[in-house]
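Here is a friendly walk through a protein model with you. Have a look at the sequence and the structure first, and then read on.

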Amino acid sequence: MKVLKTGAAVATAVVLALTATACGGGSKDTASDAGASGGSKSDKIVIGIKFDQPGLGLKTPDGKFEGFDVDVATYVAKELGYQPDQIEWKQAISAERENLISNGDVKFIAATYSINDKRKAKVDFAGPYFLAHQDLLVRADDSSITKVEDLNKKKLCSVTGSTSAQNIKKDLAKDADLLEQGGYSECLTALENKSVDALTTDNSILAGYAAQEKNKGKFKLVGLSMSNENYGIGLKKGDKDLQTKINAALKKMVADGSWEAAIKKNLGPAGYKNEPAPQITEGS
Amino acid sequence: MFDFLDSGQYDLLGAFWVTVQLTLYSAVGSLIWGTVLAGMRVSPVPLMRAFGTAYVNLVRNTPLTLLIIGSSLGLSQTLGINLGGETFKETGFRLAVLALTAYTGTFVCEALRSGINTVPVGQAEAARALGLSFFQVLTLIVLPQAFRAVIAPLANVLIALTKNTTVAAAIGVAEAALLMKEMIENEADALFAVFGIFALGFCLLTLPTGLLLGWVAKRVAVKR
């Protein structure tokens, strides 16, 4: 056990060091490291996830990883022949996802990664494995928002530069007073102390926050479907073999019920009604 | 590679204009506040000296991100102080100017204090001998000479301020860095082109500032 813990600590340190180098732009040694881990089955597999999204991809204070994306990635890795202890988790910040993949720093990325054409120009996707919609999170006792038009008189919060924030500014509710914050936690604080009326982003992310132990009973989802976000698994462009294998793994995961169970486990506590598993559209 | 600029989807000039506005308002504010602080730090009143020293050392060593997010979370959202702003957009801009001024003022103060040290003691002594008060000595004799000595360091502070305005994106001020985040979110296939555009934009803002103020510094320097 002790050995395992030390190993985990070392792995974390390595991941941190690699992230730091990747930021500096010099990715020489990171690339060679990932190259070594992409080889035979006895090696490790490097998977990119979010470290800061409860319910989807979260690094807990004691160094474990949990969430729906983590469960999906673990399942896919198992189908590819890697045991959970052979997985090395790597933080995939939204802006860095394409480069992590094309540099070979990660094998694949499962991190609330919506499939779109601009991204497909740089990477390939497997899946989708999840259909999310842009939605609103409000205080549990607030029932003043029932449709999108109501937003024009409301104060909203979202994350700086995110697709959800842009949708609000450009299409959905141009007159809404939008507060853009660095992260969803700041938005939650603002929502809790009533300086904003609603927090908007993908309903999966919102459900993840609402399902957190410390937030239980405080917030609720409104249930508007303001956009369709198909989450896919990002992988290196042109790697048809891996794409086919991941698609097969995803199909199997839905068929044997682990997909449904993973959603119930991670997002269920928020009273979140998920869509049925989406049809695989990429690559097949 | 740069075809996304033609889509009309991004208001690049508008975003940089907000950056310029942030810089100008904060520059004026921090010049005034920095001068007041410098006056305090060299004043004969111990209490004012103590306040000046404490303020400069505290604020100068606090990360700017902390100050800006603190002003948003603490002042605006918790205490409800919105500086007269109606919407988050207005409030955010004003809070950002406030935080940038509070922060940059300390650097202006220290630059100015080093300028004051270049003024020969005899100047102040002669002024005192003429019967001028401390305030008169400072504003009529010492500061005018001090300012002329520190134009070049102040240019550095101004350039740093221009770049520091990007931190305001953290509280949702729609300046260049915020637009860059939007573009990175949407234009995954042209990541480095986006970075390049914004790097170039900031060079266009800061290089002329440095050149111009460098030239001014040479022209007005007190020859001793």
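A residue is called buried when its relative accessible area is under 20%, exposed when that value is over 50%, and partly exposed in between (1.4 Å probe, protein chains only). Helices (H or I, at least four residues) and strands (E, at least two) are DSSP runs, numbered from the N terminus. With these words, strand β10 (residues 198–202) of chain A can be described as mostly covered, since five of its five residues are buried.

The model is predicted, and local features need pLDDT of at least 70, side-chain atom pairs count only at pLDDT 80 or more, while totals for chains, interfaces and linings use all residues. Residues are numbered from 1 along each chain as its sequence is written, chains are lettered from A and ligands numbered from 1 in the order in which they are written, and side-chain values use heavy atoms, with hydrogens and water left out.

**The two chains**

Contact means heavy atoms within 4.5 Å. Accessible areas come from the Shrake-Rupley method with a 1.4 Å probe, and for residues only the protein chains shown count as cover.

| Property | Chain A | Chain B |
|---|---|---|
| Helices and strands | 10 helices, 12 strands | nine helices, zero strands |
| Buried residues | 52% of 284 residues | 44% of 224 residues |
| Accessible surface | about 12,400 Å² | about 11,300 Å² |
| Part of that surface on carbon and sulfur atoms | 54% | 69% |

Read along the sequence, chain B has the pattern α-α-α-α-α-α-α-α-α. Its C-alpha trace spans about 70 × 45 × 25 Å along the principal axes.

**Strands of chain A**

Two strands pair if DSSP finds at least two bridges between them. Which strands pair with β10(A)? Strand β7 (residues 124–139) of chain A is joined to β10(A) by four bridges, and the two run antiparallel. In this pairing Q134(A) stands opposite D202(A). Strand β8 (residues 155–159) of chain A also pairs with β10(A), here in the parallel sense over two bridges. There, L156(A) faces A198(A) as its opposite residue.

Another strand to find is β5 (residues 87–91) of chain A. Four of its five residues are buried, so β5(A) is largely enclosed by the rest of the structure. Strand β1 (residues 45–49) of chain A pairs with β5(A) in the parallel sense over five bridges, and I49(A) stands opposite Q91(A).

Chain A also holds an open sheet of three strands in the order β2-β3-β4, with antiparallel pairing. Why is one side of β2(A) and of β4(A) left without a neighbour in the sheet? β2 (52–53) and β4 (65–66) of chain A stand at the edges and each has a single partner strand, so one side of each has no neighbour there. β2(A) pairs with strand β3 (residues 57–59) of chain A over two bridges in the antiparallel sense, with Q53(A) opposite G57(A).

While you look at strands, keep one general point in mind: in a regular strand the side chains alternate between the two faces of the sheet.

**Two residues of chain B**

Is E182(B) buried or exposed? E182(B) is buried, with a relative accessible area of 5%. You can find E182(B) in helix α8 (residues 176–186) of chain B. Not counting residues up to four places away in sequence, E182(B) touches G161(A), Q166(A), K169(A) and K170(A). E182(B) and G52(B) are 130 residues apart in sequence and 40 Å apart in space, C-alpha to C-alpha.

A54(B) belongs to helix α2 (residues 46–60) of chain B. A54(B) counts as partly exposed, at 45% relative accessibility. Between A54(B) and I197(B) there are 40 Å in space, C-alpha to C-alpha, and the two are 143 residues apart in sequence.

**Cavities**

A cavity is a set of points, on a 1 Å grid over the protein atoms alone, where a 1.4 Å probe fits but cannot get out, and its lining residues have an atom within 4 Å of a point. Grid points are joined across faces, edges and corners, and a volume is the space filled by probe spheres set on the points. How many cavities of 30 Å³ or more does a search of the whole structure find? The search finds two, and the largest cavity has a volume of about 50 Å³. Its lining includes L179(A), F88(B) and I171(B). α3 (64–78) and α4 (88–118) of chain B are the elements that give two or more residues to this lining, and α4(B) gives the largest share, four residues.

Conventions: On a 1 Å grid over the protein atoms alone, a cavity is a set of points where a 1.4 Å probe fits but cannot get out, and a pocket is an open set with protein on both sides within 12 Å along at least five of seven lines; lining residues have an atom within 4 Å of a point.
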